[in-house]
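Please open the model in your viewer and keep the selection tool at hand.

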Amino acid sequence: MKCRKCRQPAVHHLRQHRLALCREHYLDWFVEQTRRTIVRYGMSFPGERILVAVSGGKDSLALWDVLWRLDFPADGLYINLGIRGEIPYSDQSQQSAEIFARERNLNLKIVQVEESYGKSIPQLAEQTRQGKDRPCAVCGTVKRHIMNQAARDGGYSVLMTAHNLDDEAAVLLGNSLNWNFDLLARQSPVLPGRDGLVRKAKPFCRFYERDTAAYTLLRGIAYIEEECPFSEGSQSLYYKDVLNRMEADRPGTKLQYYLTFLQARQQLFPNTNLEEATTAVHPCPSCGQPTSSAGICSFCRLVGTSLDN
Amino acid sequence: MIHRRKEHLLPAGIRVRKALEMLGVSPESHLVVHNGKLITEDVILQAGDVIRLVPVISGGSQ
């Protein structure tokens with residue numbers, strides 16, 4: 001297989017685009033596509049400071065690397081969840097993020113969940129009915145709270161995460177199977193900031209997961225290959241597997257599913273203005289962060305519940 | 001071919017695509033690395049080649 005641009009041997013084949021590229025042209029293509037996605041969806045504007053959520057994995061380090069190459073002023077945020085499995089998962093992933101930041105002279109803010117809130121994610125999950133079976137849900141609540149808090153405290157205009165098209169398509173499939181209109185209406189590459197919520201953006205939302213991995217490998221970025229021990233058997237992995245089986249038979253299925261949804265969303269939810277019409281938010285009386293239901297937010301209830309026990 | 005820390009012996013002369021199929025591994029969820037370099041699924045494997053499969057799918061919370 002030859003590179004479409006220079007006819008040298010290709011190193012990566014993007015079946016969904018019928019495009020094969022050599023290392024040099026793939027890396028250029030990837031950076032340029034990210035820039036276009038940022039512009040297309042109005043994710044960031046000149047002069048804005050960006051906070052990137054980094055996990056130490058392939059996607060988030062690739063995103064930080066690309067933003068750095070595009071000269072976006074982006075600092076990193078690493079949240080140590082206190083997860084230990086067969087390996088010290090959280091500590092090793094923190095190390096990957098630290099090495100990456102040090103090598104590029106970038107700022108990395110680290111939040112230790114256990115130090116800050118008295119319990120690690122597994123401990124918090126163990127103490128709730130919801131989290132016993134689904135630690136990922138507890139983890140999501142904690143990460144969303146910390147990410148928004150860190151972005152607000154640091155005066156950042158936008159919080160970027162490295163969710164890729166496989167992540168988005170898996171969420172879309174889950175929300176479609178349940179016909180969760182509220183979540184479907186809000187699924188977007190960018191969520192405008194409002195009422196204490198910092199704008200959120202996903203510049204990798206048009207890349208397949210294998211394509212972000214290819215970028216990370218080709219760029220020589222060291223990342224933690226091990227998966228979170230709690231992700232095994234997760235619903236998101238199941239949905240990704242289903243979608244990948246369709247993709248193998250019909251290349252481009254995932255891309256079409258997601259991009260046509262983004263077009264259809266405007267017809268399905270014509271009155272949904274992401275800045276205003278989504279669920280009203282109220283400040284949590286405990287932490288001050290916005291919450292969709294009046295009263296104590298789910299994060300404070302979670303942390304309070306565990307600390308009371 | 002090394003997949004999840006296990007070694008699998010495969011015949012020379014087959015394409016990467018066929019090798020993945022023989023191991024029951026999806027090309028959508030793995031990248032193929034030969035001597036530290038990414039290779040595409042049409043490459044023909046030679047005797048003595050050591051190939052590593054890199055899983056690329058992550059799961060968990062959104």
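Begin by selecting chain B: of its contacts with a separation of 6 or more, 55% are between residues 24 or more positions apart, a contact being two residues whose C-beta atoms, placed from the backbone, lie within 7 Å. This is a predicted model, in which local features need pLDDT of at least 70 and side-chain atom pairs count only at pLDDT 80 or more, while totals for chains, interfaces and linings use all residues. Residues are numbered from 1 along each chain as its sequence is written, and chains are lettered from A and ligands numbered from 1 in the order in which they are written.

Remain with chain B, which has one helix and five strands. Helices (H or I, at least four residues) and strands (E, at least two) are DSSP runs, numbered from the N terminus. Followed from the N terminus, the elements of chain B run β-β-α-β-β-β. Along the principal axes, the C-alpha atoms of chain B fill a box of roughly 45 × 20 × 20 Å.

In all, 32 residues of chain A are in contact with 19 residues of chain B. Strand 4 (residues 37-39) of chain B supplies three residues, the largest share of the side of chain B that touches chain A.

Next, select helix 2 (residues 58-69) of chain A. The 12 residues of this helix should span 16 Å at 1.5 Å a residue, and its end C-alpha atoms are 16 Å apart, which agrees; the expected span is 1.5 Å times one less than the number of residues. Helix 2 of chain A is largely enclosed by the rest of the structure, because 10 of its 12 residues are buried (20 or more other C-beta atoms within 10 Å of the residue's own, C-beta atoms being placed from the backbone). Among them are A:Leu61, A:Trp64 and A:Leu67. After helix 2 of chain A comes A:Asp71, with a positive phi near 65 degrees.

Finally, select helix 8 (residues 165-177) and helix 11 (residues 235-249) of chain A, which pack at an angle of about 100 degrees with their axes 9 Å apart. Axes are lines fitted to C-alpha atoms, for helices over the stretch in contact, and angles run from 0 to 180 degrees between N-to-C directions. Helix 8 of chain A is therefore roughly perpendicular to helix 11 of chain A (65 to 115 degrees). Residues making the contact include A:Ala169 and A:Leu173 of helix 8 of chain A, and A:Tyr239 and A:Leu243 of helix 11 of chain A.

Key
Angles under 35 degrees count as roughly parallel, over 145 as roughly antiparallel, 65 to 115 as roughly perpendicular and the rest as oblique.
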